[in-house]
Amino acid sequence: MRSVAMDMPINQFKQKLYARQRQIGLFLGLGDAYAAEVVATAGFDWLLIDGEHGPNDVRSIRDQLQVLAAYPAQQAVVRLADHNPATIKRVLDVGAQTLMIPMVETAAQAAALVRATRYPPQGIRGVGTAMARAARWNAVADYFAQADAQMCLIVQIESVSGLANLAEIATVDGVDAVFIGPSDLAASMGHLGQPSHPDVQQAVAQAIQTIAQAGKAAGVFSADPQVAQAYERLGASFMLVGVDTLLLRQAAASLMAKFGGAAQNNMAPY
């Protein structure tokens, strides 16, 4: 039987980052492919499969990437829990092309993450395409010649130390975008649980400008439409505006309240 060659998937999310196109996204924290597919019908530009705080592992990330592939308008991004090159290798092999890595505080850390997403000689990504969905199990013609160009790395700045080194981090070759995490940043600044604190908002605003000056796309999370719009006016081009778990909980509590229930809606911000 003749072997059929397949085309390399093109990273549309990366292309839109470089074009500074507006992209609105949602956290996927339920860790379930069926739930991810439900959300994929809502029309978001991108969906973040969260492996940092959400109960995801490589298998559940793979399952969500598979179902989201049927909805190409919703680009999938995977956030990992740490900087482990072995985990990065496995998630890239199951098909992730865009990674968000939390808690980046130095240019050296950013450069190491770039190397983890690239094959030698530019990087240290291990070779195992016969078992890799990313290469369609060796069905993608010239996968090695194309893979690095389709990789997209977003580093996340979430601490005072990260802010102090932001200008240097943003200029690292291979860092495609920088995302500001207001919740952890607020904690680092002494405002735990207050991501909308004026000091935090000012720090985020300054960070967006620094990222833009480095010629990189800036991203940020805010579930407050007014705050998100303000960040967008400052230059943020890709944003997360909600969390699937909170949407489910809020909708359930709202429905119960309509029938006289005593659902409690007081929740700490993400």
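Reader: Happy to dig in: what handedness does the β-α-β unit of β3, helix α4 and β4 have?
Author: This is a predicted model, where local features need pLDDT of at least 70, side-chain atom pairs count only at pLDDT 80 or more, and totals for chains, interfaces and linings use all residues. Residues are numbered from 1 along each chain as its sequence is written, and side-chain values use heavy atoms, leaving out hydrogens and water. Helices (H or I, at least four residues) and strands (E, at least two) are DSSP runs numbered from the N terminus. With the strands pointing away from the viewer, a clockwise path from the first strand over the helix to the second counts as right-handed, and the unit with α4 at residues 85-93 is right-handed.

Reader: Thanks! Which residue stands opposite Met100 in β4?
Author: Strand β3 (residues 75-79) runs parallel to β4, joined by two bridges; pairing needs at least two DSSP bridges. Opposite Met100 is Arg79.

Reader: And in β5, which residue is the bridge partner of Thr98?
Author: β4 also pairs in parallel with β5 (residues 152-157), over four bridges. There, Thr98 is partnered by Cys152.

Reader: Are the residues on both faces of strand β4 buried or exposed?
Author: Buried means under 20% relative accessible area, exposed over 50%, and partly exposed in between, with a 1.4 Å probe and protein chains only. Thr98 and Met100 on one side of β4 (residues 98-101), and Leu99 and Ile101 on the other, are all buried.
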